[in-house]
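Open the model in your viewer and keep the sequence at hand. The tour goes from one selection to the next.

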Amino acid sequence: MRKVAAIHDLSCYGRCSLAVIMPVLSVMGVQCCPLPGTVLSTHTGGYGAVQRTDLTGQVEGTVEHWDRLGLRFDGIYTGYMASVAQIHQAVEAVQRLSAPRAQVVVDPVLGDHGKLYSSMTEEMAEAMGQLCEQAQVITPNLTEAAILLGLAPDALLGQRGKDLALELSAQGQRSVVVTGVTPEEGYTGAVWFDAATGASGTEVAMRAPGEYPGTGDLFSAVLTGGLMMGESLERAVGRAVHFISRCASYTSALGTPVREGVLFEPLLPLLLGDGLAMDDRI
Ligand code: PXL
């Protein structure tokens with residue numbers, strides 16, 4: 001059985017980070033071993049003052065213990081980080097815990113909608129760039145792509161994204177999936193570059209109204225699950241784009257509060273095997 005170490009936060013309400021990553025990987029048949037760097041009462045996108053506990057020491061101790069046990073992971077998946085120290089620990093985790101030919105998926109969680117998240121600093125953005133150097137696959141949104149390229153966070157908003165994935169690939173050395181692009185009116189999707197084959201492309205699906213938090217985490221989790229199950233990057237990106245689109249349209253039809261994220265739970269069976277049939281994907 002494939003196993004993934006997921007270094008992210010645990011936001012206990014609002015459907016993002018480990019609270020969505022763990023069920024997604026489980027339903028895809030992948031063992032998810034969580035390494036929470038912070039526990040928060042909610043995510044930081046709309047619930048006011050958040051109760052949070054920084055677990056930086058816990059991450060360091062866990063990496064140390066897992067290494068001593070000889071645990072090695074087929075995938076290391078990193079997301080939201082609370083500090084520069086935690087980003088350095090994620091680099092350490094990649095170096096100490098990767099199995100041979102492990103896939104390292106770095107979601108450089110820094111911001112969205114043209115702005116850095118409130119808890120992110122310039123130093124963290126720089127350190128995140130260093131973490132991306134360890135990755136086989138990175139999954140920035142347009143805001144994060146701009147930051148990684150040294151541009152203003154809102155510089156790429158509204159772009160179709162073509163060529164961006166290649167630009168972020170470190171001269172073709174790593175695969176890139178840029179999320180949240182709008183190649184055509186009424187659609188949303190991702191542009192991708194596959195470092196293993198040199199291929200690139202765009203995957204789109206219908207855009208549902210609403211900018212739900214946590215969809216980037218859900219996307220990267222589905223992508224990681226697909227890669228762990230041996231799918232090509234193209235197939236895994238397609239699966240993730242169409243799953244998020246289905247979750248968003250289902251949620252917007254039900255009209256639940258946007259800050260609660262997408263109601264992915266009833267749709268998890270779509271991720272079983274080839275459950276997301278081509279006919280369902282449009
Ligand atoms: O979904 C990204 C994310 C992850 N973790 C925390 C967040 C956010 C986005 O707001 O607040 C704590």
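Start by selecting H113, which sits in the loop between β6 (111-112) and β7 (115-116). Note that this is a predicted model. H113 has a relative accessibility of 47%, so this residue counts as partly exposed. Now look at the backbone: phi of H113 is near 55°, a positive value in a residue that is not glycine. Most residues other than glycine have a negative phi.

Next, select Q171, in the loop between α6 (164-167) and β9 (175-181). Q171 is not a glycine either, yet its phi is positive, at about 55°. Is Q171 buried or exposed? Its relative accessible area is 77%, and the cut-off for exposed is over 50%, so Q171 is exposed.

Then select I147 in helix α5 (residues 142-148). With 16% relative accessibility, I147 counts as buried, because buried means under 20%. Which residues does I147 touch, apart from its neighbours within four places in sequence? Show L110, L116, A125 and P153: I147 is in contact with these. For a distance, pick the C-alpha atoms of I147 and A208; they are 26 Å apart, and the two residues are 61 residues apart along the chain.

Last, select helix α3 (residues 84-97) together with helix α4 (residues 122-132). Their axes are 9 Å apart and form an angle of about 5°, so α3 is roughly parallel to α4. To see where they meet, show V84, I87, H88, A90 and V91 in α3, then E123, M124, A127, M128, Q130 and L131 in α4. Sorted by class, this contact has 8 nonpolar, 2 polar and 1 charged residues.

Definitions and conventions: Residues numbered from 1 in each chain as written. Predicted model: local features only at pLDDT ≥ 70, side-chain atom pairs only at ≥ 80, totals over all residues. Heavy atoms only, no water. Helix = DSSP H or I, 4+ residues; strand = E, 2+ residues; numbered from the N terminus. Buried < 20%, exposed > 50% of the residue type's maximum accessible area, 1.4 Å probe, protein only. Contact = heavy atoms within 4.5 Å. Axes fitted to C-alpha atoms, helices over the stretch in contact; angles between N-to-C directions. Parallel < 35°, antiparallel > 145°, perpendicular 65-115°, else oblique. Nonpolar A, V, L, I, M, F, W, Y, C, P; charged D, E, K, R; others polar.
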